[in-house]
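I opened this model to look at one helix and its surroundings. My notes follow in the order I looked things up.

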Amino acid sequence: MTDNQPEPCYFCDKLARLDDLPDEEVVWIFPHSVALLGPWQYYQGYCILIARRHVTELSQLGHAERHAYFEEMCVLARAIEAAFKPRKMNYELLGNQVPHLHWHLFPRRSDDPDMLKPVWLSLEHAERDEAWRHRLQGRSQATETTARIREAVVFPGT
Ligand SMILES: [Zn+2]
């Protein structure tokens, strides 16, 4: 790899072909970020909010851009809260697998038997166990889930 050929980025690639993604996967396109429906819909409404610009650390965004990104995250979070009434929202900023800046927004349901634990323990389990994977994916309602979030999106001042 040379400087002229940056390493391929999973999210940059995805953002470049949003039109090709299934409609229910693209929840909302904000000015500074894009919300995609997450692959683990046991946490119904789980979204991934990806920065539209490729940076790998929150600190690499300028002040105004970071502020706008956080506002968009709150708009998305309020919509998820209104649609699914979670016991608690969980926010995770990791990027160990895909460094491109993105937040995971998990609405934690009150009937989750592991509700006091981080979701990643369950997700790791699902990677190894077919029955768990099937239980946690819950993608059959993806179209309805995305529609419910979109209907609940309200921008401040509107
Ligand atoms: Zn990227």
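First, the term I need: a crossing is right-handed if the near helix is turned clockwise from the far one by less than a right angle, and left-handed if anticlockwise. I also note that this is a predicted model.

**Crossing.** I looked at how helix 2 meets helix 5. Helix 2 passes helix 5 in a right-handed crossing. On the helix 2 side I find Ala79, Ile80, Ala82 and Ala83 in the contact, and on the helix 5 side Arg148, Ile149 and Ala152. Of these contact residues, six are nonpolar, one is charged and no polar residue takes part. The two helices pack at an angle of about 115°, and their axes are 8 Å apart.

**Length.** I checked the span of helix 2, residues 63-84. Its 22 residues, at 1.5 Å a residue, should span 32 Å. The end C-alpha atoms are 31 Å apart, which agrees.

**Buried side.** Which residues of helix 2 are buried? I list Tyr69, Glu72, Leu76, Ala79, Ile80 and Ala83. They cover an arc of only 100° around the axis, so they sit on the same side of helix 2. The general rule: an α-helix has 3.6 residues a turn, so residues three or four places apart point the same way.

**Cover.** I then asked what covers these buried residues. The cover includes helix 5 (142-152) and strand 1 (26-29), strand 2 (33-37), strand 3 (47-51) and strand 5 (102-108).

**Other face.** Turned away from the buried side of helix 2, I find the exposed residues His63, Ala64, His67 and Cys74.

**End.** Just after helix 2, I note that lysine 85 has a positive phi of about 45°.

Conventions
Residues are numbered from 1 along each chain as its sequence is written. This is a predicted model: local features need pLDDT of at least 70, side-chain atom pairs count only at pLDDT 80 or more; totals for chains, interfaces and linings use all residues. Helices (H or I, at least four residues) and strands (E, at least two) are DSSP runs, numbered from the N terminus. The expected span of a helix is 1.5 Å times one less than its number of residues. A residue is buried if 20 or more other C-beta atoms lie within 10 Å of its own, exposed if 12 or fewer, and partly exposed in between; C-beta atoms are placed from the backbone. The arc is that of the directions from the helix axis to the C-beta atoms. Two residues are in contact if their C-beta atoms, placed from the backbone, lie within 7 Å. Axes are lines fitted to C-alpha atoms, for helices over the stretch in contact, and angles run from 0 to 180 degrees between N-to-C directions. Ala, Val, Leu, Ile, Met, Phe, Trp, Tyr, Cys and Pro count as nonpolar, Asp, Glu, Lys and Arg as charged, and the others, Gly among them, as polar.
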